[in-house]
Amino acid sequence: MMPSHTVRILVATQPVDFRKGHDGLAAQVASVLKEDPFTGTVCLFRAKRADRLKILFWDGTGLVMAYKRLEESSFIWPAVRDGVMTLNRAQFEALFAGLDWRKVKALEIRRPAAAE
């Protein structure tokens, strides 16, 4: 379920009502993030409590929603403000694991040079 390195990963910086399901979060993607929820972009949402997150993305056949709650710590979230921010895959994986994603820097992905 982890996104590939080429997929866009967006984080909604404002907490959302965690009673929202697939359709409610898709509406948030369209109205608040100003994105099309059916492009395959991975969208992360946080609850008011920093220990919970929801992920929403379109896999080509339907909306997929995942929910995670950390048991003994909290996620490191960006500052609460209006808008959206982008994460790279390495930052996403750190955030999802409950680590400080701000300290993660992904290596540049390059095609291998052809052997001569």
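A charge sits over a ring if NZ of Lys or CZ of Arg is within 6 Å of the ring centre and within 35 degrees of the ring normal. Keep that in mind for the opening stop on this tour of a predicted model.

**Stop 1: lysines over rings**

Select phenylalanine 18 together with lysine 54. The lysine 54 charge lies over the face of phenylalanine 18, 5.1 Å from the ring centre. Now move to phenylalanine 96, where lysine 68 lies over the ring face at 4.3 Å from the centre.

**Stop 2: an aromatic pair**

How many aromatic pairs does the structure hold? There are four. For one of them, select phenylalanine 38 and tryptophan 58: the pair is edge-to-face, with 5.2 Å from centre to centre and 85° between the planes.

Phenylalanine 38 has a relative accessible area of 44%, so it counts as partly exposed. Tryptophan 58 is partly exposed as well, at 26% relative accessibility.

**Stop 3: glutamine 91**

Next, pick out helix α2 (residues 89–96) and find glutamine 91 within it. Is glutamine 91 buried or exposed? Its relative accessible area is 15%, so glutamine 91 is buried, because buried means under 20%.

Key: Residues numbered from 1 in each chain as written. Predicted model: local features only at pLDDT ≥ 70, side-chain atom pairs only at ≥ 80, totals over all residues. Heavy atoms only, no water. Helix = DSSP H or I, 4+ residues; strand = E, 2+ residues; numbered from the N terminus. Buried < 20%, exposed > 50% of the residue type's maximum accessible area, 1.4 Å probe, protein only. Phe/Tyr/Trp six-rings, centres within 6.5 Å; stacked < 30°, edge-to-face > 60°.
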